[in-house]
Amino acid sequence: MDSETHFSIVFNIYGGSNQILPNATSATQNYYGDEAELEKDDVSKDKEPALSPEARRLFSYINKVEDLRIYLVQIAECTNAVELARVIVKMGEREPKITSEEMVKERFISLFFPLTPLFVSGKTVSNIRARINNAWARRPRKRL
């Protein structure tokens with residue numbers, strides 16, 4: 001009877017780029033949303049805080065974690081609907097998934113409610129939608 005060694009390989013790829021090495025004895029790469037698993041040597045290094053679940057909901061519109069963190073700071077500083085609308089319009093100009101139609105939908109606007117702790121008044125979908133429409137209409141347009 002011939003004794004052969006059989007190997008079992010399982011690939012679970014959920015995005016990103018991966019290189020498969022046929023001669024490697026083992027390879028492990030773990031992805032956790034906006035953070036990669038830290039190696040033992042990296043534990044002492046400073047790392048940015050993890051994003052809240054509310055902030056992670058914006059990943060479907062914004063792909064880069066660095067850009068998302070910048071937007072989150074701007075959003076958190078908003079105290080009224082006009083300021084929030086300006087940030088949302090800037091996001092719409094830079095992010096292809098945030099269209100003029102999408103930015104006024106209730107499901108999109110409601111994503112910002114838990115991210116705006118400094119809001120003092122006017123924190124309603126209809127008020128924010130009206131301010132977004134005003135800011136979108138007044139934005140400077142690019143010339144061709």
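# Salt bridges, core and a buried threonine

In this predicted model, the side chains of Glu93 and Arg139 form a salt bridge, with 3.8 Å from N to O. Glu93 belongs to helix H3 and Arg139 to the segment after H5, so this pair ties together parts that lie 46 residues apart in sequence.

**Overall make-up**

- The protein contains 5 helices and 2 strands.
- Read from the N terminus, the order of these elements is β-β-α-α-α-α-α.
- The protein has 144 residues, and 26% of them count as buried.
- Its accessible surface is about 11200 Å², and carbon and sulfur atoms account for 51% of that area.
- Among contacts in the protein with a separation of 6 or more, 53% are between residues 24 or more positions apart.

**Salt bridges**

- The structure has 3 salt bridges.
- In the pair from the lead, Glu93 is partly exposed, with a relative accessibility of 40%.
- Glu102 and Lys105 form a salt bridge through their side chains, at 3.7 Å from N to O.
- Glu102 also forms a salt bridge with Arg107, and here the N to O distance is 3.0 Å.
- Glu102, Lys105 and Arg107 are therefore linked in a network of salt bridges.
- How buried or exposed are the members of this network? Glu102 is buried, at a relative accessible area of 10%. Lys105 is partly exposed, at 34% relative accessibility. Arg107 is exposed, with 51% relative accessibility, and the cut-off for exposed is over 50%.

**The largest nonpolar core**

- In soluble globular proteins, nonpolar side chains tend to be buried together.
- The largest nonpolar core in this model has 30 residues, and the members that touch the most others are Leu58, Ile75, Phe112 and Ile132.
- Helix H2 (65-76), helix H3 (81-94), H4 and H5 are the elements that give two or more residues to this core.
- H3 gives the most, with 7 residues.
- Which residues does Ile75 contact, leaving aside its neighbours within four places in sequence? They are Leu58, Leu84, Val87, Met91, Phe112, Leu115 and Thr116.
- Two of these contacts, Leu58 and Phe112, are also listed with Ile75 among the members of the core that touch the most others.

**Thr116**

- Where is Thr116 placed? Thr116 sits in the loop between helix H4 (106-109) and helix H5 (125-138).
- Thr116 has a relative accessible area of 2%, so it counts as buried, the cut-off being under 20%.
- The side chain of Thr116 reaches the backbone oxygen of Phe113, at a distance of 3.2 Å.
- Beyond its neighbours within four places in sequence, Thr116 is in contact with Ile75, Leu84 and Lys123.
- Leu84 is in contact with Thr116, and Leu84 is also in contact with Ile75.

Definitions and conventions. Residues are numbered from 1 along each chain as its sequence is written. This is a predicted model: local features need pLDDT of at least 70, side-chain atom pairs count only at pLDDT 80 or more; totals for chains, interfaces and linings use all residues. Side-chain values use heavy atoms; hydrogens and water are left out. Helices (H or I, at least four residues) and strands (E, at least two) are DSSP runs, numbered from the N terminus. Buried means under 20% relative accessible area, exposed over 50%, partly exposed in between (1.4 Å probe, protein chains only). A polar contact is a pair of N or O atoms within 3.5 Å; within protein, one must be able to donate a hydrogen and the other to accept it, and residues adjacent in sequence count only if both atoms are side-chain atoms. Contact means heavy atoms within 4.5 Å. A nonpolar core is a set of buried Ala, Val, Leu, Ile, Met, Phe, Trp, Tyr and Cys residues joined through side-chain atoms within 4.5 Å. A salt bridge is a side-chain nitrogen of Lys or Arg within 4 Å of a carboxyl oxygen of Asp or Glu. Accessible areas come from the Shrake-Rupley method with a 1.4 Å probe; for residues, only the protein chains shown count as cover.
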